[in-house]
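These notebook entries record what I looked up, one topic at a time.

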Amino acid sequence: MNLKSYLIREGDILQTCSGRNLGPVTIADSYLARFALSHDMVRIRIDDAATRLYVLAFLRSRTGQVLLRADRGGSVISHITTSHVEALKVPVIGAIEAAVVDAAGRGTQLREAARVALHASVEGVERAFPASRATLRDGWTVSAGDLRDRFDAAQHAQPTRNGRASLLAAGGVRLGDVAEVVKPAGRHKMVYVEPGQGPAFLSGRQILQCDVVAAKHLSPHSAQAAGGFALREHSIIFQADGRAEEGLGYPAYVTHERDDWLASGHVGRAVPFNAADAGWIWASMAADVVRRQVVAQSCGSVVDALYPEDLEDVILPPRRAVDSAAVRDAWMNMAEGSQLLAQAADMIDEALGFA
């Protein structure tokens, strides 16, 4: 196996070529170029920066997405090949080309800066509170008095306990003391409509997507009945049902454009009592020292679940460990960058009469 072929370069346009949601596309910035990707992602390499950004906007447009899917194959999972992508005709519209390139370029730069800033904020917490050196294979001892109502090993693992103790010693605080932790109960009858006819309704996996893939939308009547599922700006949301070894508990920040969107009952919410704390809470919950605690709170025989009353006792690092305003600004830049990229794609659709 040639592992080097899985690496990506800064500037690569990354086009999904397999899966039920075939079509989503992005561009590798300096942050994404740190990762390797499987063969299910086509790399499109264009030397000229302006041409690269224009092609990115076209592939993100409705026109580009329809053309990409036109030749897909596969009986269960859809596929396209590099030859399909190479054969795609890109309409270059001179009247809008400069504006498209400008919007796509600014959007890409904002998202890159946001990713770098968010990663740095989490790294800062992890440097201040490094993971415990205790390893699970060495075992640990728990006194009967410490067991309380949880007998499972994850709850009492030494690395998790050590991290929690270090946070408390540094002046850490309970999540429940700085935010209301909520997980909507029950589920109303859902009537889905086309995009633009009702608010978006997100699943647990979709809350982590910059560009939401295949979001469902609820009719206004269903949305009103499901009022308890509404998201609020500056809330921290996370997948509350799923698998502990995957994305369970990993946080996302609700920015202004997602205010009043809806998310399913499988999505938990930590709503800060003070909106200024939102960035601090997000970076804390994304850091390993807190994520260990969150995952340890999960329970379930088949699907792991998190419950508000358990998460309230999770200990966060002290506020001084995170520049909360910088994290908030980074999330706002991420949202603005996504909007600019969407505008670039919309300009192409409008010019082609496919708006």
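**Entry 1**

I began with Leu316 and listed its contacts, leaving aside neighbours within four places in sequence: Leu167, Gly172, Val173, Leu175, Val178, Trp280, Ile281, Ser284, Met285 and Val290. I note here that the model is a predicted one.

I then looked up the largest nonpolar core, which has 39 residues. Leu316 is among the residues with the most contacts inside this core, together with Leu175, Ile236, Phe238, Ile281 and Trp282. I also recorded which elements each supply at least two residues of the core: the helices are α4 (94-128), α7 (175-178), α9, α10 and α12, and the strands are β5 (179-182), β9 (236-239) and β15 (315-316). Helix α9 gives the most, with seven residues.

A second core is separate and has 28 residues. Among its members I found Ile13, Val25, Val42 and Ala104.

How many of the nine residues of α9 are buried? I found that nine of nine are, and helix α9 is thus mostly covered. I wrote them down as Ala278, Gly279, Trp280, Ile281, Trp282, Ala283, Ser284, Met285 and Ala286.

Next I examined how α9 (residues 278-286) lies against α10 (residues 288-296). Their axes come within 5 Å and cross at roughly 75°. An angle from 65 to 115 degrees counts as roughly perpendicular, and α9 and α10 are therefore roughly perpendicular to each other. On the α9 side, the contact is made by Ser284, Met285 and Ala286, and on the α10 side by Asp288, Val290 and Arg291. By class, I recorded three nonpolar residues, one polar and two charged in this contact.

**Entry 1: Helices α1 and α2**

I made the corresponding search for α1 and α2. Their axes are 4 Å apart, and the helices pack at an angle of about 75°. Helices α1 and α2 are therefore roughly perpendicular to each other. From α1, the residues Phe58, Leu59 and Arg60 meet Arg62, Thr63, Gly64, Gln65, Leu67 and Leu68 of α2. The contact of α1 with α2 holds four nonpolar, three polar and two charged residues.

Which residues of α2 (residues 62-69) are buried? I listed Thr63, Gly64, Gln65 and Leu68. These buried residues pack against the strands β1 (13-16) and β2 (25-27), and against the helices α1 (49-60), α3 (82-86) and α12 (324-351).

**Entry 2: Cysteines**

I searched the whole structure for disulfides and found zero. Cys17 has a relative accessible area of 7%, so Cys17 is buried. Cys299 has a relative accessible area of 31% and is therefore partly exposed.

Where does Leu32 lie? I located Leu32 in the loop between β2 and β3 (41-44). Its relative accessible area is 18%, and Leu32 is therefore buried, since the limit for buried is under 20%. Not counting residues up to four places away in sequence, Leu32 touches Ile8, Ile27 and Arg115.

I placed Val193 in strand β6 (residues 192-193). Val193 has 22% relative accessibility and so counts as partly exposed. Leaving aside neighbours within four places in sequence, I found Val193 in contact with Gly198, His217, Leu218 and Ser219. Val193 and Gly73 are 120 residues apart in sequence, and their C-alpha atoms are 27 Å apart in space.

**Entry 3: Positive phi angles**

His234 has a phi of about 75° and is placed in the loop between α8 (220-225) and β9. Is His234 buried or partly exposed? With a relative accessible area of 19%, His234 is buried.

For Asp260, phi is near 80°. I found Asp260 in the loop between β11 (251-253) and β12 (262-263). At 43% relative accessibility, Asp260 counts as partly exposed.

Technical notes: Residues are numbered from 1 along each chain as its sequence is written. This is a predicted model: local features need pLDDT of at least 70, side-chain atom pairs count only at pLDDT 80 or more; totals for chains, interfaces and linings use all residues. Side-chain values use heavy atoms; hydrogens and water are left out. Buried means under 20% relative accessible area, exposed over 50%, partly exposed in between (1.4 Å probe, protein chains only). Contact means heavy atoms within 4.5 Å. A disulfide is a pair of cysteine sulfur atoms within 2.5 Å. Axes are lines fitted to C-alpha atoms, for helices over the stretch in contact, and angles run from 0 to 180 degrees between N-to-C directions. Angles under 35 degrees count as roughly parallel, over 145 as roughly antiparallel, 65 to 115 as roughly perpendicular and the rest as oblique. Ala, Val, Leu, Ile, Met, Phe, Trp, Tyr, Cys and Pro count as nonpolar, Asp, Glu, Lys and Arg as charged, and the others, Gly among them, as polar. A nonpolar core is a set of buried Ala, Val, Leu, Ile, Met, Phe, Trp, Tyr and Cys residues joined through side-chain atoms within 4.5 Å.
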